[in-house]
Amino acid sequence: MVASLAPAPDPAVQLATQRFLHEGHFLRHLRKMKRTYSARSSALLSHLNTLGYCARVNGLSVLLNLPDGAQDIPIAREAWQHGLAPSPLSAWYTGGDATPAGLLLGIADAQNERTYQACERLDQLIRKQLAR
């Protein structure tokens, strides 16, 4: 049994949503966002590749594989202090010595100049951590 604790939306909202969908506005929005996110992920991949990293698109994020010896959790913690919000990949694994180190980077809010600056800062943090 499924229960809803919220009341149904007002009929005006329901009618507006029906019209929005029926007139194709939602599909246009989805196509526009697909182009936008594709461009953002391509820009992020380009910046990371230029810096010598291996990365791939993973939905609305980019998965950055870190070099051998890099620890993703300390890098992510330090990145957060600089206004970046990568998610450490190793946090999703339990046990074992061969836990891959990587960072999940969101693209939903990525803008070209900020993306370049964020990649440069992340590169500095990774190199700093590897030098320890």
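Predicted model: local features only at pLDDT ≥ 70, side-chain atom pairs only at ≥ 80, totals over all residues.

Which residue just after α2 takes a positive phi?

Author: That residue is Gly-52, with a phi of about 95°.

Helix α2 covers residues 25-50, 26 residues in total. At 1.5 Å a residue it should span 38 Å, and its end C-alpha atoms are 37 Å apart, which agrees. Several residues of α2 are buried, namely Ser-41, Leu-44, Leu-45, His-47 and Leu-48.

Leu-30 also belongs to helix α2. Its relative accessible area is 40%, so Leu-30 is partly exposed, a class that lies between the limits of 20% and 50%. Together with Phe-20, Leu-21, Phe-26 and Leu-27, Leu-30 forms a nonpolar patch on the surface, and the five have about 450 Å² of accessible area together. The elements that give two or more residues to this patch are α1 (11-22) and α2. The most comes from α2, with three residues.

The other contributor, α1, has twelve residues. From its first C-alpha to its last it reaches 16 Å, close to the 16 Å expected at 1.5 Å a residue. At the start of α1, a side-chain oxygen of Asp-10 comes to within 2.9 Å of the backbone nitrogen of Ala-12. After α1 comes Gly-24, which has a positive phi near 85°.

Around this stretch there is also a salt bridge, in which the side chains of Arg-19 and Glu-23 meet at 2.7 Å, N to O. Arg-19 counts as exposed because its relative accessibility is 56%, over the 50% limit. Glu-23, at 37%, is partly exposed.

The structure holds three salt bridges. Another one joins the side chains of Lys-128 and Glu-78, again with an N to O distance of 2.7 Å. Lys-128 lies in helix α4 (residues 112-131) and Glu-78 in helix α3 (residues 72-81), so this pair ties together parts that are 50 residues apart in sequence. Lys-128 is partly exposed at 41%, while Glu-78 is buried at 15%.

In the remaining salt bridge, between Arg-127 and Asp-123, the closest N and O atoms are 2.9 Å apart. Both residues lie in helix α4, four residues apart, or about one turn of the helix. Arg-127 is partly exposed, with a relative accessible area of 49%, whereas Asp-123 is buried, with 8%.

How values were computed
Residues numbered from 1 in each chain as written. Heavy atoms only, no water. Expected span 1.5 Å × (residues − 1). Buried < 20%, exposed > 50% of the residue type's maximum accessible area, 1.4 Å probe, protein only. Patch = residues over 30% accessible without salt bridge, like charges linked within 9 Å, V, L, I, M, F, W, Y side chains within 5 Å. Areas by Shrake-Rupley, 256 points an atom, 1.4 Å probe, with all protein chains shown as cover. Salt bridge = Lys/Arg side-chain N within 4 Å of Asp/Glu carboxyl O. Polar contact = N/O pair within 3.5 Å; in protein donor to acceptor, adjacent residues only side chain to side chain.
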